[in-house]
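User: Hey, can you walk me through this one? I'd like to start with the aromatics and then move on to the strands.
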Amino acid sequence: MKLLSPRSLRQKLLGMMLLTTLVALVVALAAMIGYDLSVYHRVLVSDMTTQAELLGRTIAPALSFDDVRVARENLGLLRFRPLVSSAAIYNARGALFATYARADDRRAFPKLPEPDGARVDDRDLILFKRIVNDGEILGTVFLRADYELFSRVFDYLGIAAVVLIAAMLVALLMSSWMQNIVTRPILAIAQIAREVVGQRDYSRRAAKMSADEVGTLVDSFNDMLAEIDRRTRELEASNAKLAQEAVERSRAEREVLRLNVELEDRVRERTAQLETAMRELETFSYSVSHDLRAPLRAIDGFGQALVEDFPEHLPADAKRYLSRIRTSTQHMAQLIEDLLNLARVSRGTLERRTVDLSQSARQVVGELQQHEPGRAVEVAVWEGMSAEADPHLLRVVLENLIGNAWKFTSKAAKPHIEIGALKDHGRATFFVRDNGAGFDMAYADKLFGAFQRLHSASEYAGTGIGLATVQRIVQRHGGRIWAEGELGKGAVFFFTLTLAAEKAAGSVEQAHG
Amino acid sequence: MELLSKPPGWKVADVERWATARLLLACAFVVAAGLASHRPAQADAQADEYRVKAAFLYKFGGYVEWPDRSFARADSPVVIGVIGADTLADELAQIVSGRSVNGRPVLVRRLRPGDPIAGLHVLFIGRVDRGRLAEILAAAKGQPLLTVTESEEGLELGSMINFVVVENKVRFDVAPPSSEADNLKISARLLGVARKVVARSS
């Protein structure tokens, strides 16, 4: 049935009507034919029975008076009943008495009469009927008639086929015409619905053609369309608003992006300007420092020459003054040297390499001991420390830090210096600890500024540039440097050489321990 | 069993044949006629002829309508009188026993010439001489009485039915009584099987 399922309402209705008509016709025809055939059978049997009765009555005298000729004459009248193909009369003893046969029937007659009754034998109706007169059996009538039930069946089937075809054709025409009444409004709605969906035009309305259920459907459909129309408008308005907002937002984003780019440009520009300024400043200070050394060397050299060439001409005071001049000159030369170092540290390229920090520290300590063999300082350098750093700059850092420790422990009773490292989150934090003069933590942030000194130059020698240089180097390595200390008890300087070793501060206690 | 009490002189074979026929088909008179026509022996032929005639005589009653006045009561018998044919009378008596005509019992009465014919419904007159025949028929004339003869001049003399033997078969001619003459009506069906029907001139 699936293959045959019609697609349109029209076809469905047509199919239904045709099917209904077909079923009704078939049932009606079958009933009619069945009825007619049963009537035919009954009528034929009763007709033939009557005929036999009549024949019996007519022939009774001939039979009574043994008159075959008359009997034949009587039977001969059957030629007016063409339906009867043959007939016979048997006498009371059951012997054939007289016969009749239609011209086309040459069949034999039954030898003996059968009991009363009618039966159908193939295409014949066979009937036997006793002839009774005054309660006596005179003989038997035998009738053989054409039984046309089967040919009637075929005739009827033919007629039924013709009637069916004609009726179906008429039904087809009628239903095509009639279903218009039913389907036209529905198809109109379907058409409108298709157009509405196809063109998204919700202002369309279906025309109401009838006041029946379809009419109600049309009303509901139109109401629905109106509702959809309203909602669509609302949705469109809301969409437009959203789109407007989106446009504005994207414009704002573009603006922000543009500002960012501008900002970055400006930052880059400023950075470049700053870098240029820095470089100019460094170049300036370098050249100034460099140029300042020559006259200083001349002053120192001529001062020395004066002392050496005229030892007896100069009074003691003059010699003392000259000595002071030379000390100041040398201090200034050292100052200039440190400034040049600072400048150099800031410029130049950074070359990272694996450096044996323990060994470097020992070398620095060795140099210091060589320089001042009179001092007895207990120095502990941890083994196995290494760092990824520029070897030269790391040497500068160690020289400064260990040098400071050496210097500030000069007045300690039992000077002690320790160089070690703390492992913190896989990053090494190195430290240099001493038990020297120490410092006041209130000034901890000023330790690393150039020319910042917490002790007077007379107390401890120095230019005040060393820690600034160290900080500069550590920063260039991406590390950090900080210090802890207490006046008179010593100081610890921590530094890292890799980026973001922020947690080191928390490990100070461990360092002290 | 009844058959064994038949008059002597009959051949056993005949009796048996009769018996067989009677047994087979309860009441067949025609059989007698049928058998008779084929009987070869002369004596037998004579007997058969009377048997057939007796049967016919009985059957005629079914095709005749008597006026009501000829019967005393509703169940009065039909009386058949026989003159000059004892063999036939015997045969007839046998045939009618236990039978009826038009719902009435049948009575056979043997008459001597000169006996009154009143109260009869059928009268068979055997082979008597012409004078007697005419006399009897004249007496019967005007009565509701079916007269049957077996003489050539029977009808001429006023008989209504006259037996003839044609080709060894018993047939009969009919001369229906003039209408309303004596209120006796002979059925047309009987006329249908008659050899010939003679119109009564008078």
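User: Which rings get linked into a cluster by ring pairs?
Analyst: A:Phe65, B:Phe56, B:Phe60, B:Tyr63, B:Phe124, B:Phe163 and B:Phe172 are the ones joined into a cluster by ring pairs. Rings of Phe, Tyr and Trp (its six-membered ring) pair if their centres lie within 6.5 Å; planes under 30 degrees apart count as stacked, over 60 as edge-to-face and the rest as tilted.

User: What should I know about the model and the numbering before I go on?
Analyst: This is a predicted model, where local features need pLDDT of at least 70 and side-chain atom pairs count only at pLDDT 80 or more, while totals for chains, interfaces and linings use all residues. Residues are numbered from 1 along each chain as its sequence is written, chains are lettered from A and ligands numbered from 1 in the order in which they are written, and side-chain values use heavy atoms, with hydrogens and water left out.

User: Is A:Tyr147 buried or exposed?
Analyst: A:Tyr147 is buried, with a relative accessible area of 5%, and A:Tyr40 is buried with 11%. Buried means under 20% relative accessible area, exposed over 50%, and partly exposed in between (1.4 Å probe, protein chains only).

User: Which charged ends sit over a Trp ring?
Analyst: A:Arg375 has its charged end over the ring of A:Trp406, 5.0 Å from the centre. A:Arg480 does likewise over A:Trp482, at 4.3 Å from the ring centre. The rule is NZ of Lys or CZ of Arg within 6 Å of the ring centre and within 35 degrees of the ring normal.

User: Switching to strands. What does E5(A) pair with?
Analyst: E5(A) pairs antiparallel with strand E1 (residues 84–91) of chain A over 7 bridges, and 10 bridges join E5(A) to strand E4 (residues 124–133) of chain A, also antiparallel. Two strands pair if DSSP finds at least two bridges between them. A:Tyr90 has A:Thr140 in E5(A) as its bridge partner, while A:Leu125 stands opposite A:Ala145. E4(A) and E5(A) form a hairpin with 2 residues between them, and A:Asp134 in the turn has a positive phi of about 50°.

User: How many E5(A) residues are buried?
Analyst: 10 of its 11 residues are buried, so to speak mostly covered.

User: Last one: what does the side chain of B:Arg99 contact?
Analyst: The B:Arg99 side chain makes a polar contact with the side chain of A:Glu136, at 2.4 Å. A polar contact is a pair of N or O atoms within 3.5 Å; within protein, one must be able to donate a hydrogen and the other to accept it, and residues adjacent in sequence count only if both atoms are side-chain atoms. B:Arg99 is buried, with a relative accessible area of 14%.

Note on methods:
Helix = DSSP H or I, 4+ residues; strand = E, 2+ residues; numbered from the N terminus.
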